[in-house]
Number of protein chains: 2
Amino acid sequence: MFNFKEYLVEKQEIINNSLVNLLDTFPLYSRLMQAVKYSLMAGGKRVRPILCIAACEAVHGELQNVLPIACAIEMIHTYSLIHDDLPAMDNDNLRRGKPTCHIQFDEATAILAGDALLTLAFQILSSADSFQGHHNEDHNAVTRLTIIKILSDAAGCNGMVEGQMLDISSEAKLLDLDKLEHMHSLKTGALIEASVCAGAISGGCNAKKLEHLSSYAKKTGLAFQIIDDILDVEGDPLVMGKCAGTDENRNKNTYPSLMGLKNSKILAEKLISDALNLLDIFDNSADPLRGIAGYIIDRNR
Amino acid sequence: MFNFKEYLVEKQEIINNSLVNLLDTFPLYSRLMQAVKYSLMAGGKRVRPILCIAACEAVHGELQNVLPIACAIEMIHTYSLIHDDLPAMDNDNLRRGKPTCHIQFDEATAILAGDALLTLAFQILSSADSFQGHHNEDHNAVTRLTIIKILSDAAGCNGMVEGQMLDISSEAKLLDLDKLEHMHSLKTGALIEASVCAGAISGGCNAKKLEHLSSYAKKTGLAFQIIDDILDVEGDPLVMGKCAGTDENRNKNTYPSLMGLKNSKILAEKLISDALNLLDIFDNSADPLRGIAGYIIDRNR
């Protein structure tokens, strides 16, 4: 039987090793790269790259082809965390139980480390070296351009960056549920969906399966955010590595604040159940994707 | 006879129109895109995209193929200006005679507008739409991936971002000329060289010509920076749209401060003369590149 916990640990290790190898090709003595490495290796859960790899596996793709893409995605995610934590934005001092980048280094270094990570993602995605020795018909230049397009669209002004803009400009304003969902679909949903789609495309996914995976990702991504909101209310700060109750203190709009804790949990469970149904057309290779959906609803950090 | 001033005005207009058209495909009512448009259309000289177009023309390439690349380059340049101007970095209030992005909007919006512009560059470079109707043998997916690689390498932690890191961390420290040149080669040189190379490659340039153009760009880029330093000492603030003497006030290392004004001018002239010699293997199609070299040495802003 498929053991998701083992899968998670195994893939986290593969991703972490791969990220370190990628960073090691750069001169790490520079303060900039120290800050990049500090934030990138600060113990993230690697949800997005694992989703990317799992989607590739679900369509019987090769790990070697998808790994550089998964690493690039984690770099885009980490850059967004560094910039979101800045004093001018969320002004967070703690991330994953450690001082945030601008606290550990300084504000200028944190801004530049974020810029470097975002750029590095595209350096890796466009580099023949990243994919060397793993070329095949499904992994040609057109596929890689498509993946760059999907990820940059998800990260940019129609996706994550606009989502963060909406998030900071809606603090202390009361949103309705539709607007909250729209904000999350941009801020976190777009990159989660792009992670799944990029992984699937790198594995040579057909159009019908891609549609199912894309919907699976939308639902799983929203559930992920709702659980995040719930954990902020009732999570254990020691387990999460960050303070609980920060959303309320900031007058942030959250699912619990708009629909209550109980209904938020019911909604998250419904989304995960729908996401699992969308995987019915896949064989056992989609077990990791099934496992991630279960993990998201049961996680405590 | 070739009229460089007419060429400059004509190409600036083409680039500006193309930038506006690209932005117009996004919802401009958002505060984020207002900030993006504000900074992108704030009257830049468009040196980098014009270098890119001129390099393409020098090898008899097509304007239609190079224009989206030129626009992406100006976006990368503008993002770097927005972030460099931030309070945590150079803390500049004025840019091209107008309030900087974080003054006109706010700090969070400026950080995000920079992030959006950098990402937008890669959205455009990876989008088939950007190049629609202009496909040809020399402009296939492999070429476009190569161009993404060249530009992201020049922009990132081995290029522009590391250069800015060196620049802010070397303020108030005395550099020698080698270190100053190294800093500039990263901070401004890398993207200028990449602009020329990307334009040439999009035009189907051969290896020998690419080598000449790359050296031309290195020398022209360094001369550009030296003239910048000189203008900061003796330029007219009204013409430049920014204050003079800011480098000295900040204890910045500059060519005039390290080797004096007269020797700085001699060095810039020598670099431009060498750059022009490198163009001897080209026909009249390289006249725009020759004109830009002359413009850089004679400019007053």
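This is a predicted model: local features need pLDDT of at least 70, side-chain atom pairs count only at pLDDT 80 or more; totals for chains, interfaces and linings use all residues.
View 1. Residues are numbered from 1 along each chain as its sequence is written, and chains are lettered from A and ligands numbered from 1 in the order in which they are written. The same surface serves both copies, since 100% of the contact residues of chain A recur in chain B, where contact requires C-beta atoms, placed from the backbone, within 7 Å.

**View 2. Packing of helices α6 and α7 in chain A.** Helices are DSSP runs of H or I with at least four residues, and strands are runs of E with at least two, numbered from the N terminus. The axes of α6 (residues 107-126) and α7 (residues 141-155) of chain A come within 10 Å and cross at roughly 165°; these axes are lines fitted to C-alpha atoms over the stretch in contact, with angles running from 0 to 180 degrees between N-to-C directions. α6(A) and α7(A) are therefore roughly antiparallel to each other (angles under 35 degrees count as roughly parallel, over 145 as roughly antiparallel, 65 to 115 as roughly perpendicular and the rest as oblique). F122(A), L125(A) and S126(A) of α6(A) make the contact with R144(A), I147(A) and I148(A) of α7(A).

**View 3. Packing of helices α9 and α10 in chain A.** Helix α9 (residues 177-202) and helix α10 (residues 207-234) of chain A pack at an angle of about 140°, with their axes 8 Å apart, and α9(A) and α10(A) are therefore oblique to each other. Among the residues that make the contact are H184(A) and I192(A) of α9(A), and L213(A) and F224(A) of α10(A).

**View 4. Two arginines with positive phi.** R46(A), in the loop between α2 (31-40) and α3 (47-58) of chain A, has phi near 65° and is buried, with 23 other C-beta atoms within 10 Å (20 or more count as buried, 12 or fewer as exposed, and in between as partly exposed, with C-beta atoms placed from the backbone). R96(B), in the loop between β1 (94-95) and β2 (98-99) of chain B, has phi near 50° and counts as partly exposed, with 15 C-beta neighbours inside 10 Å.

Technical notes. Two residues are in contact if their C-beta atoms, placed from the backbone, lie within 7 Å.
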